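Hi,

Here is the structure I said I would pass on. Please open it next to this email while you read.

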Amino acid sequence: MTSTLTFDVVVSGAGIIGLAAAHTFANHGYKTLVVDREQSPNTIGRLATDLRTVALSPVATRQLQGFGVVLPPQNGCIDRMHVWENDGSAAITLTADEVDEPHLAFVYENRGITTALKSRRCDELEINLNARVTTVDTNGRSLAIDGMGTVTTELLVVAEGSNSSTCQLLGSKFEVDQDLQAYAIATIVKTDPHHENSAWQVFGPTPLALLPLAEPNVLSLIWSLPRDVAAATMDLSDCEFQQTLNQACEQVAGAVTDVDRRMSFPLRQRLIADFNPLPWVLILGDAAHTIHPLAGQGVNLGLEDVRAVDAVLRDRPTRINKPNLWRTFNVKRKFRAATMVQLMTFFSFIYAEESPYIRLIRNIGVRWVNENKGLKRQLIREAMGIGPVASVL
């Protein structure tokens with residue numbers, strides 16, 4: 001007869017958000033299990049860099065370090081961000097000096113963050129990377145976990161990323177589920193001259209971002225393209241892709257001199273109907289909200305979810321699945337995520353408009369923001385997670 005295992009918390013998903021959530025619960029003394037058996041594709045390119053990178057705000061970086069995690073020493077720093085419109089005549093430059101911070105953000109390879117989080121173990125934390133949730137008994141608070149058998153838990157945390165299989169088992173519904181009819185292309189590029197810790201974000205029909213990495217002439221690229229254009233772009237030779245990219249980004253970061261292999265993924269915007277569909281279930285990160293990558297805020301938004309979890313646990317609840325315990329959390333996180341989804345939808349719409357009148361209005365608005373130091377400072381602080389809105393939510 002197979003015995004039943006018991007944990008206070010089971011976290012399904014061993015990405016950045018799932019591991020951060022697990023460390024949070026474990027640090028509060030809850031016996032926590034992390035399970036994941038997703039086979040990650042090889043994302044290390046020819047330039048020996050992970051094609052997947054994350055830009056972490058300073059508050060998110062301090063959050064991870066607060067677990068005792070030793071983050072990779074090799075990372076890029078964003079000290080300046082230049083935002084402009086393709087073929088536009090106005091731009092915004094955001095600098096760390098404007099908010100009296102040393103850096104706006106830090107850019108890490110995704111594998112470096114997850115490896116650091118997995119390496120930091122504690123007595124209350126168990127990680128099984130050869131197991132996955134296959135059945136959820138919503139009445140008995142038990143899970144069938146392939147590779148472990150039956151597990152009972154006080155709280156199930158779903159942090160599997162988009163297209164979560166456990167959310168499907170739970171019958172979770174999405175309030176927003178928008179196919180953007182586009183793909184993102186991610187790769188690593190080399191440029192001449194050096195990036196000098198500057199990031200570049202171009203808006204337009206095909207938004208792209210260039211983020212500085214540790215090497216002074218190496219940047220991470222993410223480029224959003226319509227589905228058919230993305231497919232054709234993926235089929236280009238490296239030389240053809242390099243030429244196309246130089247034209248698209250107007251060589252604002254200097255000429256692209258080398259490109260790594262490319263990976264692509266479909267773009268959707270999603271918002272789950274309930275972050276807390278049952279008293280004993282929480283849904284976090286991309287499993288709950290997926291936004292357009294043009295702002296680079298997806299992981300930061302998920303880590304905000306985890307900080308909000310920590311705020312609930314600091315009140316030392318008598319039971320972590322007590323009815324209504326997580327309802328305020330649900331309202332706040334859903335509002336915050338909905339705001340980000342709507343903001344990304346607005347930017348995508350307004351920059352896709354090619355009317356000369358709309359373009360004129362955009363340019364006037366961009367110039368006004370760039371010249372309004374108080375407003376710009378506030379926008380930077382919100383993006384960094386240290387503004388009043390981000391701090392409350």
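Below are some notes on a sheet, a helix and a few aromatic rings.

A quick word on the source: this is a predicted model, where local features need pLDDT of at least 70, side-chain atom pairs count only at pLDDT 80 or more, and totals for chains, interfaces and linings use all residues. Residues are numbered from 1 along each chain as its sequence is written, and side-chain values use heavy atoms, with hydrogens and water left out.

First, the sheet. Helices (H or I, at least four residues) and strands (E, at least two) are DSSP runs, numbered from the N terminus; two strands pair if DSSP finds at least two bridges between them. Three strands make an open, antiparallel sheet in the order β3-β7-β4. β3 (53-56) and β4 (76-78) are the edges, each with a single partner strand, so one side of each has no neighbour in the sheet. Between β4 and β7 (residues 105-109) there are three bridges, and isoleucine 78 has alanine 105 in β7 as its bridge partner. Helix α3 (residues 110-119) packs on this sheet and touches β3 and β7, where contact means heavy atoms within 4.5 Å.

Next, helix α6 (residues 238-248). Its buried residues are Phe241, Leu245, Asn246 and Ala248; buried means under 20% relative accessible area, exposed over 50%, and partly exposed in between (1.4 Å probe, protein chains only). They cover an arc of only 160° around the axis, which puts them on the same side of α6; the arc is that of the directions from the helix axis to the C-beta atoms. The face turned away from that buried side carries exposed Gln243 and Gln247. Among the elements covering the buried residues are β12 (174-192) and α5 (227-234). Just after α6, glutamate 250 has a positive phi of about 55°.

Finally, the rings. Rings of Phe, Tyr and Trp (its six-membered ring) pair if their centres lie within 6.5 Å; planes under 30 degrees apart are stacked, over 60 edge-to-face, and the rest tilted. That rule gives four aromatic pairs. In one of them, phenylalanine 25 and tyrosine 30 have ring centres 6.3 Å apart and planes at 75°, so the pair is edge-to-face. Phenylalanine 25 is buried at 0% relative accessible area, and tyrosine 30 counts as buried at 17%. Elsewhere, ring pairs link Phe275, Trp326 and Phe329 into a cluster.

Cheers

Conventions. Axes fitted to C-alpha atoms, helices over the stretch in contact; angles between N-to-C directions.
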